[in-house]
Amino acid sequence: MRPSARTFPLPSTRVERVETLVIGGGQAGLAVGHHLAARDVDFVILDAERRTGDVWRRRWGSLRLFTPAAFSSLPGMVFPAPPAHLPDKDEVADYLERYAERFDLPVRHDTRVESLGWDGDRYVVRAGDTRFEADHVVVATGPFQRPNVPNVAARLAPSVHQIHSSQYRSPFDLPDGPVLVVGAGNSGAQIALELARFRKVWLAGRDTGHLPRRLLGRDLFDWIWPVMTRCTLDTPLGRRLRERAARGGDALIGIPERALGAGGVVRVGRVTEERGGLPVCEGTVLEPRVVVWCTGFTPDYGWIDLPVLDDEGRPRHRRGVATDLPGLYFVGLRFQHRMTSSLVGGVGADAAFVAEQVMRRIETATVAV
């Protein structure tokens, strides 16, 4: 019998149930996964990337960590390089991939999370045609989420080519002509020095200070890493350091102001306005062909449909444990508990703490049953 009209099957949604769901397959998610696996927790890591480490592989070609290999390891696996070596972005990407393989972490690639909510019984995560249900969720998407570009960018002339530092790859991918790099932190200084080898470059932004690469014959981090790890938010010094970090950029590491000048970079003041479609740096009109915005990132948790964010869109938490909803956690936030919380070599301590909280909640639920 022929149907009177052609019919199509309705799109189906696959439902998967897991005890603990980790959102984000970067260093924070992998570190949490390592500690959850050590506690024999049932969990899955969701990663939007095709391959572990791809976020690092997409960054600009000459990028290197400012922390040496000795301070760039995740828990349980030493970074495979001499202690003083500054790993490049591909070395970091490959290390993360090998880390996931070595510990056989259950990473689901090509799985972009679209929403996180609550159905009255458990957390619900939607990713494409799959609905994940979990008793515990760890958000490990890290601090680098939505590129932050000042409003003045929208008023610049169309002839000015603009990109954010997250889109920068190499000097040869940009149109010819002078470049204005906005943001004088570590990323801005590195990009400005690289570009200045081939063209005129202005670097806009205030002087954030400078720390030497070596001090008394040793790498800077041999001295400051113990301080960075011990100055937690439970200490007065840690709280002051977080307030200072929130007010301004981080000090340049190994790049003094004289090195910028010697490299051909022209320092200018902050971008304050636009005039005739061109950027104005504290009264001086510049005529760049390209602007690279090295102005950082802002939180992007719009996909979380839960009352857990403050007025600035940041998670309300205590050491990564959400203060409003039980069973929800965060890892990899900037200064989550200590200065090193968002760094490859520092995220492991927060990951261990959060994994322990997950385990305790599981044990409590088991006893209650």
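The conversation below sets values against definitions.

Analyst: This is a predicted model, in which local features need pLDDT of at least 70 and side-chain atom pairs count only at pLDDT 80 or more, while totals for chains, interfaces and linings use all residues. Residues are numbered from 1 along each chain as its sequence is written, and side-chain values use heavy atoms, without hydrogens and water.

User: How many helices and strands does the protein have?

Analyst: The protein has eight helices and 23 strands, where helices (H or I, at least four residues) and strands (E, at least two) are DSSP runs, numbered from the N terminus.

User: What makes a residue buried, and what percentage of the protein is buried?

Analyst: Buried means under 20% relative accessible area, with exposed over 50% and partly exposed in between (1.4 Å probe, protein chains only); buried residues make up 47% of the 369 residues.

User: Which residues of helix α5 are buried, and why are they said to be on the same side?

Analyst: In α5 (residues 220–230) the buried ones are Leu 220, Phe 221, Trp 225 and Met 228. They cover an arc of only 95° around the axis, so they lie on the same side of α5, the arc being that of the directions from the helix axis to the C-beta atoms.

User: What do the buried residues of α5 pack against?

Analyst: They pack against β11 (210–211), β12 (214–215), β13 (218–219) and β14 (252–253).

Conventions:
Contact means heavy atoms within 4.5 Å.
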